[in-house]
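Look over the chain below before reading on. This report takes its parts in turn, starting from the inside.

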Amino acid sequence: MNSSILNNPNSFFIKGGSKGIQVIRGGSLNCIKLYFIKKNHKYKMCLGATYISKVQTSHKSMNIILTPRDYLYCQIILSKIKDIGSANHEVVAYKPSTFDGTGFDASKPTKFIIHGFVQTGNANWLTEMAQEMLDYGDYNVFRVNWEGGSSMNFYGQATSNTRVVGLEIGYLVNWMVNYFSLDPAKVHLIGHSLGSHVAGYAGELITGLGRISGLDPAGPYFTWMPSFVILDETDAIFVDNYHTDARPLYLGGYGTPQAMGNVDFYPNGGSFQPGCGLRNVLACSHSRAIDLYRDTLNQTYPYIAHEYDDYDDFKDGHYKLCGDDNQKCPPIYLGIRASEYTQKDRINVQFHFDTNQEAPYC
Ligand SMILES: [Ca+2]
C-alpha cells in the first residue's frame, strides 16, 4: 500500500486502486476492504462487494467522498407484528442471534422500506407503513435507517452515501439467502426518493431479487444517468415506480420524470400533485408517492391504472391501441398489487391517471 496515500488526510481510495473515487464493478460478496482516512484517523470499512461510481456527465458534475460506515449508522430493523416501537429489532448480517425472538420467518415474503434525504428510518411514515404492511399481509417487514448518511443537509453527500446503504442491504439479504434459505424472489425493496436508488444499488447485488418499488425516485444527480447509477428495470425481476414530483429542480421538483422501471406511474401527470399548493415547499408532491402507495394498503377496493403514451393522451381520452382482445396493454393495480401485472417483461410502460387531493386518492 502506498504510504504517501495513507498519510494524506484527504485520501480516499480502494485497496489496489489509486487515490480518488474509482470504479469497481462486479465481484463477489467477499469482503472488499476500503480505507478511509480523514483528520489523522484511518477507518477500515469492510463492505462486501462494492463499486464507487466515477461519472462525469452534464447530469452529474461531481463525486463526493463516502461517509464512513460507522458514521453513516445504517440500521436494518425488523418490525414485529402489532408491536411497532419498543419491540423493533435491529438485525445484523452474520449474527443470526440478532434474529432470535423477532418472529422472522424466511418462508414469508420480505419487505424493506428505505427512506430518502434528510429523513430517518424512524420517521412516522416508515413506522406507519411497516404496520400497514403487516396488517395487509403475512410479511417480514424491515425498516432501513441510514440517518447518519442522509441528514447532513448536503444532497451531494447523501447521494454518494446511497451506495453504501445499498451495499449494506445487499450484503444482509445475500447472507439471509444463504443462511436462512430466503428466496430472493420473495424480497421486495420499497424506497422513497434517494431510497429508491439505494434499492437499485442493493438490487444489483442480489441475484433474482423479486421487486423494487420506487416512490418518486430522486431526480437530481440521477436522471439520465447510466443504468448502474440509477434504479432501473435491471435491478429486480419487477420494478414499479411512482412519479409525483417530476419537475426540474429549478422549479422545486425532487423527483425524476424518467421512466426507469418495468412500469412507471404518473399520477396527475407526475409533476405536481393536487392539494399541495404552497405546501409543496415541504415536499408535498414528493411525498405524495408515499401517500398513494400507503393508500393501496389501506383501501379495500383496488386502484387500477391504464396505459397511455403520455398524460395529454389520458386527458384527451386517447386509449392506447391494445389489440382486438385488449391484451397488448392490460390494466394494472397500483401500489402493493402492482406485482400482479401480467407483462413483467416489458419496460418503461407508462400509466397515467388523476387522483383526489387527499385520501382516498382514487
Ligand atoms: Ca440500476
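## The nonpolar core

The largest nonpolar core holds 70 residues. Among these, Phe112, Ile113, Ile114, Val144, Ile169, Val198 and Ala202 touch the most other members. Helix α5, residues 155–180, gives this core its largest share, nine residues. The model behind this report is predicted.

Leaving out residues up to four places away in sequence, valine 144 touches Ile76, Phe112, Ile113, Ile114, Gly121, Val165 and Ile169.

## The chain as a whole

The chain has 362 residues, and 43% of them are buried. Its secondary structure comes to eight helices and 14 strands.

## Helices α5 and α6

Helix α6 covers residues 194–205. The axes of α5 and α6 come within 7 Å and cross at roughly 45°. That angle makes α5 oblique to α6. The crossing is right-handed.

Which residues of α5 and α6 make the contact? From α5 come Ala158, Thr159, Thr162, Arg163, Val165, Gly166, Leu167, Ile169, Gly170, Val173 and Asn174. From α6 come Leu194, His197, Val198, Tyr201, Ala202 and Leu205. These residues divide into 10 nonpolar, six polar and one charged. Some names return from the core: Ile169, Val198 and Ala202 are among the residues there that touch the most other members.

## Helices α3 and α7

Helix α3 spans residues 124–136, and helix α7 spans residues 284–298. Their axes come within 9 Å and cross at roughly 25°. Angles under 35 degrees count as roughly parallel, so α3 and α7 are roughly parallel to each other. α3 passes α7 in a left-handed crossing.

On the α3 side, the contact uses Trp125, Met129, Glu132, Met133 and Tyr136. They meet Ile290, Arg294, Leu297 and Asn298 in α7. The residues of this contact divide into six nonpolar, one polar and two charged.

Glutamate 128 is also found in helix α3. Is glutamate 128 buried, exposed or partly exposed? Glutamate 128 has 14 other C-beta atoms within 10 Å, so this residue is partly exposed. In sequence, glutamate 128 and arginine 294 are 166 residues apart. In space, they are 8.9 Å apart, C-alpha to C-alpha.

## The loop between β6 and α3

Strand β6 covers residues 110–114. Valine 118 and glutamine 119 both have their place in the loop between β6 and α3. Phi of valine 118 is near 50°, a positive value in a residue other than glycine. Valine 118 is partly exposed, because 17 other C-beta atoms lie within 10 Å.

Glutamine 119 is buried, with 21 other C-beta atoms within 10 Å. The cut-off for a buried residue is 20 or more. Glutamine 119 and serine 150 are 31 residues apart in sequence. Their C-alpha atoms are 6.5 Å apart in space.

## Tyrosine 155

Tyrosine 155 is found in helix α5. Tyrosine 155 has 18 other C-beta atoms within 10 Å, so it is partly exposed. Setting aside residues up to four places away in sequence, tyrosine 155 touches Phe117 and Pro220.

How far apart are the C-alpha atoms of tyrosine 155 and tyrosine 221? They are separated by 9.4 Å, while the two residues are 66 residues apart along the chain.

## Two backbone details

Asparagine 268 lies in the loop between β11, residues 263–267, and α7. Phi of asparagine 268 is near 55°, a positive value in a residue other than glycine. Asparagine 268 counts as buried, because 23 C-beta neighbours lie inside 10 Å.

The other detail is a peptide bond. Alanine 359 and proline 360 are joined by a cis peptide bond, with omega about -5°. Proline 360 has its place in the segment after β14, which covers residues 349–353.

Methods. Residues numbered from 1 in each chain as written. Predicted model: local features only at pLDDT ≥ 70, side-chain atom pairs only at ≥ 80, totals over all residues. Axes fitted to C-alpha atoms, helices over the stretch in contact; angles between N-to-C directions. Helix = DSSP H or I, 4+ residues; strand = E, 2+ residues; numbered from the N terminus. Parallel < 35°, antiparallel > 145°, perpendicular 65-115°, else oblique. Left-handed = near helix turned anticlockwise from the far one by under 90°. Contact = placed C-beta atoms within 7 Å. Nonpolar A, V, L, I, M, F, W, Y, C, P; charged D, E, K, R; others polar. Core = buried A, V, L, I, M, F, W, Y, C linked by C-beta atoms within 7 Å. Buried ≥ 20, exposed ≤ 12 C-beta atoms within 10 Å, placed from the backbone.
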